[in-house]
Amino acid sequence: MAQADIARLIVLATIWSLSFVFIRVLVSVLGPFWVPMLRALIAGIALVAWFAFIRLHADVKRYWRAYLFVGILNSALPFLLFAFAAQHLPASYLVILNALTPLFAALAGAVWLDERMTFAKLGGLAAGAAGVGLVSRAGPIEPDAAFVWAVAASIGAALCYGLSGVWLKKKGTRLNPIAVAGWSQLFAGFVLLPAAALAPVAGPINGMIVGNLLALALLGSGAAYLLYFKLIANVGPTRAMTVTFLMPALGMVWGVLFLDETVTLPMLAGAALIVGGTASVLRPSRIVRPAQIKSI
């Protein structure tokens, strides 16, 4: 991986791990519908306006269906699911469960991209599942029904991210990754708008809430998705998703510093199992395929 892409990966991990702190602050005031809608809509408007300024041709008339699909799968659904989960889970939990994203991408790749599933990868899947189970019982919050639904929503969000990365690898090679970053989020914002319009806002909205919202939208979605889709274009979706390896440690630090959250030893052990299991799943197979033997 080139040094520029490594730098993008580190910056992206920092931004996205902080995003869960912003979501936790915002969801108690704006609710689980307004947060994802405004996040996507503000980011989309800002990026599309920038596209107009730099005269980036996104060919929306031709590719609007692809932008809409990616917007729903990669932004609208996971943003909404994580916003719901943030009502019941600490930011440190959210960022740990988000680390399942490349594991789901590997599973989807085995199904749709004919990528080999080895015993080592199956062991990695088992380790990831064990990590989720450990985190789910790690404390310091009571594992009631709302907690279980929030964990399930977080896992669903990670699944959406994993599936969207595989879809982009299989179907989105003709798309400009920079254009995808903006137009997919603009479409996602419009998709979420009707539901948000019917949802109440707890309030009050003050300068801190506005600042967190702008940081979440412009950094956590705008700048972050420019980096992410650029990484997908440069190194592929599987390696781009390894950004989630860096996020749990950073996310737990931000949770302690900014939200006074508690990190327990079982949480650390669960995070290690998830990251280690996912790394095992992503490890390239050493088995030489018949096609490779033929080409030698």
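Predicted model: local features only at pLDDT ≥ 70, side-chain atom pairs only at ≥ 80, totals over all residues.

Student: At what angle do helix α1 and helix α8 pack?

Tutor: Helix α1 covers residues 3-54 and helix α8 covers residues 207-235. They pack at an angle of about 140 degrees, and their axes lie 4 Å apart. Because of that angle, α1 is oblique to α8; an angle would have to be over 145 degrees to count as roughly antiparallel.

Student: Is the crossing of α1 and α8 left-handed or right-handed?

Tutor: The crossing of these two helices is left-handed. Sorted by class, the residues in the contact of α1 with α8 are 33 nonpolar, six polar and four charged.

Student: How many residues of helix α3 are buried?

Tutor: A residue is called buried when its relative accessible area is under 20%. In helix α3, residues 91-98, eight of the eight residues are buried, and the helix is mostly covered. Among them are Tyr93, Val95 and Asn98.

Student: Where is Ser17 placed, and is Ser17 buried or exposed?

Tutor: Ser17 is in helix α1. Its relative accessibility is 1%, and therefore Ser17 counts as buried.

Student: Which polar contacts does the side chain of Ser17 make?

Tutor: One reaches the backbone oxygen of Ala13, at 2.8 Å. Another is a polar contact of 2.8 Å with the side chain of Trp254. As a general idea, an α-helix has 3.6 residues a turn, so residues three or four places apart point the same way.

Student: Which residues are in contact with Ser17, leaving aside neighbours within four places in sequence?

Tutor: They are Val95, Met247, Leu250, Gly251 and Trp254. Val95 is one of the buried residues of α3.

Student: Where is Ser75 found, and which residues does Ser75 touch?

Tutor: Ser75 is found in helix α2, residues 60-86. At 1% relative accessibility, Ser75 counts as buried. Not counting residues up to four places away in sequence, Ser75 touches Val70, Leu80, Gln185, Ala188 and Tyr225.

Student: How far apart are Val27 and Ala83 in sequence and in space?

Tutor: The two are 56 residues apart in sequence, while their C-alpha atoms are 6.4 Å apart in space. Val27 is found in helix α1 and is buried, with a relative accessible area of 6%. Beyond its neighbours within four places in sequence, Val27 is in contact with Pro32, Val35, Ala83, Ala86 and Gln87.

Note on methods
Residues numbered from 1 in each chain as written. Heavy atoms only, no water. Axes fitted to C-alpha atoms, helices over the stretch in contact; angles between N-to-C directions. Parallel < 35°, antiparallel > 145°, perpendicular 65-115°, else oblique. Left-handed = near helix turned anticlockwise from the far one by under 90°. Nonpolar A, V, L, I, M, F, W, Y, C, P; charged D, E, K, R; others polar. Buried < 20%, exposed > 50% of the residue type's maximum accessible area, 1.4 Å probe, protein only. Polar contact = N/O pair within 3.5 Å; in protein donor to acceptor, adjacent residues only side chain to side chain. Contact = heavy atoms within 4.5 Å.
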